[in-house]
Amino acid sequence: MNKFTAPTSGLVLQRVKPPLCLADFKLIAFDMDSTLINIECIDEIADAVGKKAEVAAITEATMRGEIKDFKESLRRRVALLKGVPVTALQQVYDERLKLNPGAAELVAACKAAGLKVLLVSGGFTFFANRVKGRLGIDFARSNLLEEADGKLTGAVAQQSWGDICDGVEKRRTLLEVASLLGISPTETIAVGDGANDLPMMAEAGLSVAYHAKPKVREQAMVAINEGGLDRLLEILQ
């Protein structure tokens, strides 16, 4: 295995030799929570009902890969949100959600090089659609929280493609968008931090772990362990 540490600290490469050309890729796919943005949205929504610790523990175990069934994990966590006012979502967005360092710069560089940008998230449409608009992202797929009478019901709503965007669905979405664009999976980049990102990262021509869980860092071609997302541009000319 061709493994070495890049000249600058906190950027680890394996099975890939820089410099690479950004324009050789046609699509970049990002996870959202803890990748493009600084929070796990579900944990912050849970904070509104005093259940953050309980929900965050499940989130953390899932992202480490200790809870294998992401769908079951998400249903368990969403059930704990029953009764949360829908207004709490806007409050989380306004007060807690920030783009991670370098996110806007990396997306802008990719778009300037002609890449399409995909956000594919195990998080929620309320946040994904706003982040999509904020960054000028082309495609987004995420989970829809069911609501009634101004409150969350504790369930995930069915959408045309299914109900829960897990690792399998992230992979399928990457391949589907690549097919729609008429490109090969080798012309895609996938960026994530948790175990549910591994299936799409395994399909991509370049896989990138951002401040990720150990299992994800081990399997990614590029691991950004220090600094912002735009550090990817250090190896993509």
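User: Is Lys213 buried or exposed, going by its relative accessibility?

Analyst: In this predicted model, the relative accessibility of Lys213 comes to 17%. Since a residue counts as buried under 20% relative accessible area, Lys213 is buried.

User: Which residue forms a salt bridge with Lys213, and which parts does the pair tie together?

Analyst: The closest N and O atoms of the pair are 3.2 Å apart, and a salt bridge needs them within 4 Å. Lys213 sits in the loop between strand S8 and helix H9, while its partner lies in helix H2, so the bridge ties together parts that are 153 residues apart in sequence. The partner is partly exposed, at 32% relative accessibility, and the residue asked for is Glu60.

User: How many residues apart in sequence are the parts tied together by Arg171 and Glu203?

Analyst: The side chains of Arg171 and Glu203 meet in a salt bridge, with 2.7 Å from N to O. Both residues are partly exposed, Arg171 with a relative accessible area of 34% and Glu203 with one of 24%. Because Arg171 lies in helix H7 and Glu203 in helix H8, the pair ties together parts whose separation in sequence is 32 residues.

User: In which helix do Glu176 and Arg172 lie?

Analyst: Their side chains meet in a salt bridge of 3.7 Å, N to O. An α-helix has 3.6 residues a turn, so residues three or four places apart point the same way. Glu176 and Arg172 are four residues apart, about one turn of their helix, and that helix is H7.

User: Why do the buried residues of helix H3 line one face of the helix?

Analyst: The buried residues of H3 are Phe70, Ser73, Leu74, Arg77 and Val78. They pack against several elements, among them helix H1, helix H2 and strand S4. Seen down the axis of H3, these buried residues line one face because they fall within an arc of 125 degrees.

User: Which residue caps the N-terminal end of H3?

Analyst: The cap is made by a side-chain oxygen that lies 3.1 Å from the backbone nitrogen of Lys71. The residue that carries this oxygen is Asp69.

User: How many disulfides does a search of the whole structure find?

Analyst: A disulfide needs two cysteine sulfur atoms within 2.5 Å. The sulfur of Cys41 is 14 Å from the closest cysteine sulfur, in Cys165, and is therefore too far for a bond. Cys110 is in no disulfide either, as the nearest cysteine sulfur, that of Cys21, is 12 Å away. Over the whole structure, the number of disulfides found is zero.

Definitions and conventions
Residues numbered from 1 in each chain as written. Predicted model: local features only at pLDDT ≥ 70, side-chain atom pairs only at ≥ 80, totals over all residues. Heavy atoms only, no water. Buried < 20%, exposed > 50% of the residue type's maximum accessible area, 1.4 Å probe, protein only. Helix = DSSP H or I, 4+ residues; strand = E, 2+ residues; numbered from the N terminus. Arc of directions from axis to C-beta. Contact = heavy atoms within 4.5 Å. Polar contact = N/O pair within 3.5 Å; in protein donor to acceptor, adjacent residues only side chain to side chain.
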